Amino acid sequence: MKKFITVFLIISIIMAMLVPTTLYAGIGDVIGYAKYTDISAYINHYPITSYNINDYTVVVAEDLRNYGFDVVWDGNSRTLSITRNELATEIAPYGRVYKYSSVAGRESVPYVATDIKTYVYGNFVESFNINGQTCIYIDSLAPYGKVAWVPEVRAIKLWLEGLPMKAYEPLTEAPVTIMYAPDGRTLVVENSEVEAYKNVGWFENKSDVTAVLVSSDKRRIEVYKAEVEAYIAQGWTPVQANTIDPAKPMVAVTFDDGPKPATTNRILDTLEFYNACATFFVLGSLAEGNAGVLLKMKELGCQIGNHTYDHPQLTKLSSQKISSQLGRTSEIIANITGANPTAIRPPYGAYNKTVSSVAGAPLILWSIDTLDWKSRNANSVIDAVMSKVKDGDIILMHDIYNSTATAAETIIPALIQRGFQLVTVDELAYYKNKPMSPGSAYSQIR
């Protein structure tokens with residue numbers, strides 16, 4: 001008796017392994033997703049619509065009527081029988097068939113469990129229900145012809161005797177676009193539908209619905225915007241988005257008196273890590289020996305402003321000497337970066353009518369003075385910014401102090417986490433729609 005039970009169990013296990021797993025799903029339950037594919041399917045070089053399931057090509061059974069097959073449905077037994085139509089003399093594909101190289105591998109439509117039994121040439125074959133249509137592997141049609149994979153053109157082809165054969169033509173790429181939702185959903189839509197989807201909250205660019213965050217140990221992660229708050233609650237900090245939103249608050253962080261490689265590069269590294277930018281008002285006397293630092297500023301999208309050649313108080317100089325201080329520095333900056341500076345910060349914030357008349361560019365002052373030159377204390381600098389900062393502020397710091405570089409490592413992510421976008425002075429004026437005039441002074445742009 002025990003021997004009989006053991007044999008019975010073994011047979012039961014083997015039978016269970018042989019039965020398709022789809023039979024265990026409830027009828028209509030989603031059991032997987034067909035995928036878009038760059039593989040084309042042909043019958044006698046006539047294209048046929050296909051999907052990719054489990055890395056195999058499947059075709060819609062009903063479509064085979066147009067390719068020389070009979071497809072017979074028996075509602076009583078819920079069976080679908082596919083046989084060759086010996087009377088067929090032509091192939092008449094239904095509709096336009098496309099290739100989906102641009103979205104290959106992406107999930108297309110779900111396929112669901114089905115109780116329909118499909119037979120080809122009298123033999124049971126595995127089938128799938130996609131959008132209410134029964135689909136089978138194209139290989140299942142092998143009893144009626146030759147099925148071959150042609151890797152050179154990434155196509156699977158079936159040749160049938162007794163039906164016309166045409167010359168091979170590659171398929172046209174499908175006119176589709178991948179759309180993204182902030183909660184992580186993706187969708188492939190016809191190009192003609194893109195605008196309609198945009199109007200209901202979908203986006204063409206994945207970067208529009210994702211955010212990059214960093215951890216305290218410098219790890220980076222990209223998540224959908226719907227998940228950002230949860231990550232922030234766990235201690236992650238967002239980096240600045242690649243695009244500026246004019247409707248959101250922004251500030252211009254500015255640094256004077258550099259470049260000084262040891263400290264300026266620390267600040268640039270912090271800006272790069274958080275995808276942020278700042279404005280550096282450089283001295284010509286230091287810039288001419290530190291071209292690499294200025295080129296890194298430019299590479300990161302920072303603005304390079306003119307802070308005179310050697311930091312004199314311009315209000316004590318003649319117009320000729322003012323012009324020399326500014327002109328010499330502009331020439332040095334242009335020789336290194338290929339562009340003249342578009343903003344000037346007069347040393348000590350001192351200017352008068354003579355300075356304004358000679359300047360030739362806007363004079364940029366500040367609305368928050370951190371007094372970092374005086375305190376040389378990182379915590380004091382941090383508090384000076386974070387306790388006062390408002391939309392449109394221009395923040396003054398100096399990139400020649402270690403304490404300021406240390407403070408920047410906290411200030412930059414703290415501003416971003418508080419919702420501020422870190423922009424250059426020129427960007428602040430542009431996004432606030434406040435054009436600046438040469439010789440005019442600006443301490444804030446709101």
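The model is predicted, so local features need pLDDT of at least 70 and side-chain atom pairs count only at pLDDT 80 or more, while totals for chains, interfaces and linings use all residues. Residues are numbered from 1 along each chain as its sequence is written, and side-chain values use heavy atoms, with hydrogens and water left out.

**Largest pocket**

- The largest pocket holds about 820 Å³ of space; a pocket is an open set of points on a 1 Å grid over the protein atoms alone where a 1.4 Å probe fits, with protein on both sides within 12 Å along at least five of seven lines.
- A volume is the space filled by probe spheres set on the points, which are joined across faces, edges and corners.
- Its lining has 28 residues, and A211, K225, V239, A241 and K248 are the closest to the centre; lining residues have an atom within 4 Å of a point.
- Strand 19 (210–214), strand 20 (220–224), helix 3 (228–233) and helix 11 (402–417) each contribute at least two lining residues; helices (H or I, at least four residues) and strands (E, at least two) are DSSP runs numbered from the N terminus.

**Second largest pocket**

- About 430 Å³ of space lies in the second largest pocket.
- Among its 24 lining residues, Y36, T49, S50, Y51 and Y100 lie nearest the centre.

- Four strands form an open sheet of mixed pairing, in the order 3-2-15-14; two strands pair if DSSP finds at least two bridges between them.
- Strand 3 (46–47) and strand 14 (146–150) are at the edges with a single partner strand each, so one side of each has no neighbour in the sheet.
- Strand 14 pairs with strand 15 (residues 155–159) in the antiparallel sense over 5 bridges.
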